[in-house]
Amino acid sequence: MIRTFLSTTLTLAIVAIGVDGQIADEEAETGVESIAVKKYGCPMSPYIEVSMPLLDESDQALVRDALNLDGTQRFPACAFRAINNSNERNDWLEQYTPSDEVAADPKDQDQVGWHLVSVEGREPTETEFEEYEHRGGRLYPYLELYELVDFEHLEVADRSANRVVYETKPTLEFLKKNDAGMLNDHVTTTLVIDPESRRLDFVTTKLDEGFKPNPFMRVYEFDQSLNYEYIPEVGEVILTSLRMQADVKFVVIRRRFHLNADLSDFSCPVALQPATCEEPAPLDID
């Protein structure tokens with residue numbers, strides 16, 4: 001059960017989305033073309049039809065813009081580095097370079113383009129390479145956040161001039177898919193959006209209070225934060241850091257889990273851009 005819970009928390013921890021940044025008006029006035037103006041890459045996602053009955057039209061439009069639910073924004077192919085620390089390892093440094101390579105085994109296709117650079121400042125061992133190649137997940141600045149957010153229950157929790165706070169729950173389908181249906185009534189997902197730039201600032205999923213899913217297990221804490229920034233080299237607002245911690249007790253064994261990750265050194269040269277883009281089909285998740 002502890003292993004299942006840890007697997008679920010790590011799955012929650014890598015759910016993220018890339019969102020588009022706004023182009024500065026002064027660029028048009030000066031005639032200077034920034035990296036963001038070039039609009040490299042392909043559409044990030046299909047049009048996603050969701051219902052947000054607890055929000056008015058203005059808030060619905062803000063959420064759609066910030067989370068790119070209309071699928072109009074682009075995500076360029078970029079090279080970058082990711083470093084993470086967890087219970088299992090320290091300073092696990094990875095590098096990603098886009099590639100058209102096809103993996104011999106389809107299950108390894110999500111590893112194409114990734115390179116394990118170092119572990120704790122040294123070259124990886126053969127065992128670490130094997131673990132890396134089949135770890136079942138990856139850090140990436142763009143994954144589908146709509147798979148996690150329950151839009152039907154999304155509502156405004158707080159509002160100010162420079163931020164709007166929305167609260168909801170993770171989707172039950174997402175939790176069940178990751179063997180975490182037990183968390184359904186005990187966690188809250190919060191999205192913070194800047195209403196002026198219409199950009200996503202951060203997303204948190206947090207345990208409301210400790211609970212016992214069964215007589216043998218108690219979950220004391222689960223707290224995850226996905227932080228986003230506008231990166232000029234990318235021309236988008238994307239995931240740049242992730243923090244997760246969990247505290248679980250099974251019978252008499254109590255374990256604390258943590259994962260801290262940072263993505264940096266983004267580079268999106270023309271040479272990495274795809275020659276063609278396939279238009280994604282509309283997606284209805286109602």
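Which residues have the most contacts inside the largest nonpolar core? The legends below start with the whole chain and then turn to that core.

View 1. Welcome to a predicted model, in which local features need pLDDT of at least 70, side-chain atom pairs count only at pLDDT 80 or more, and totals for chains, interfaces and linings use all residues. Residues are numbered from 1 along each chain as its sequence is written, and side-chain values use heavy atoms, with hydrogens and water left out. Helices (H or I, at least four residues) and strands (E, at least two) are DSSP runs, numbered from the N terminus. Of the 286 residues, 46% count as buried, where buried means under 20% relative accessible area, exposed over 50%, and partly exposed in between (1.4 Å probe, protein chains only). The accessible surface comes to about 14,700 Å², with 48% of it belonging to carbon and sulfur atoms; such areas come from the Shrake-Rupley method with a 1.4 Å probe, and for residues only the protein chains shown count as cover.

**View 2. The largest nonpolar core has 42 residues.** Val63, Leu67, Leu69, Phe151, Tyr166 and Leu191 are the ones with the most contacts inside this core. β14 (236-250) is among the elements that each supply at least two residues of the core, and β14 gives the most, with 6 residues. A nonpolar core is a set of buried Ala, Val, Leu, Ile, Met, Phe, Trp, Tyr and Cys residues joined through side-chain atoms within 4.5 Å. In soluble globular proteins, nonpolar side chains tend to be buried together.

**View 3. Here is Tyr166 with its contacts.** Not counting residues up to four places away in sequence, Tyr166 touches several residues, including Leu55, Asp59, Val63, Leu154, Thr189 and Leu191. A contact means heavy atoms within 4.5 Å.

**View 4. A disulfide joins Cys78 to Cys268.** The two sulfur atoms are 1.9 Å apart, and a disulfide is a pair of cysteine sulfur atoms within 2.5 Å. A search of the whole structure finds 1 disulfide. This pair links distant parts of the chain, 190 residues apart: Cys78 lies in the loop between β4 (74-75) and β5 (79-86), and Cys268 in the loop between β15 (253-267) and β16 (283-284). The torsion about the S-S bond is about 90°, so the disulfide is right-handed. Both Cys78 and Cys268 are buried.

**View 5. Asp70 and Arg64 form a salt bridge.** Their closest N and O atoms are 2.9 Å apart. A salt bridge is a side-chain nitrogen of Lys or Arg within 4 Å of a carboxyl oxygen of Asp or Glu, and by this rule the count comes to 8. Asp70 is partly exposed, with a relative accessible area of 27%, whereas Arg64, at 12%, counts as buried.

**View 6. Arg122 meets Glu128 in a salt bridge.** The N to O distance is 2.8 Å. Arg122 is partly exposed at 35% relative accessibility, while Glu128 is buried at 14%.

**View 7. A nonpolar surface patch is made by Phe216, Phe250, Val251, Val252 and Ile253.** The patch covers about 510 Å². Patches are made of residues with over 30% relative accessible area and no salt bridge; like charges are joined within 9 Å, and nonpolar side chains (Val, Leu, Ile, Met, Phe, Trp, Tyr) within 5 Å. Val252 sits in the loop between β14 and β15 and is exposed, with a relative accessible area of 72%.
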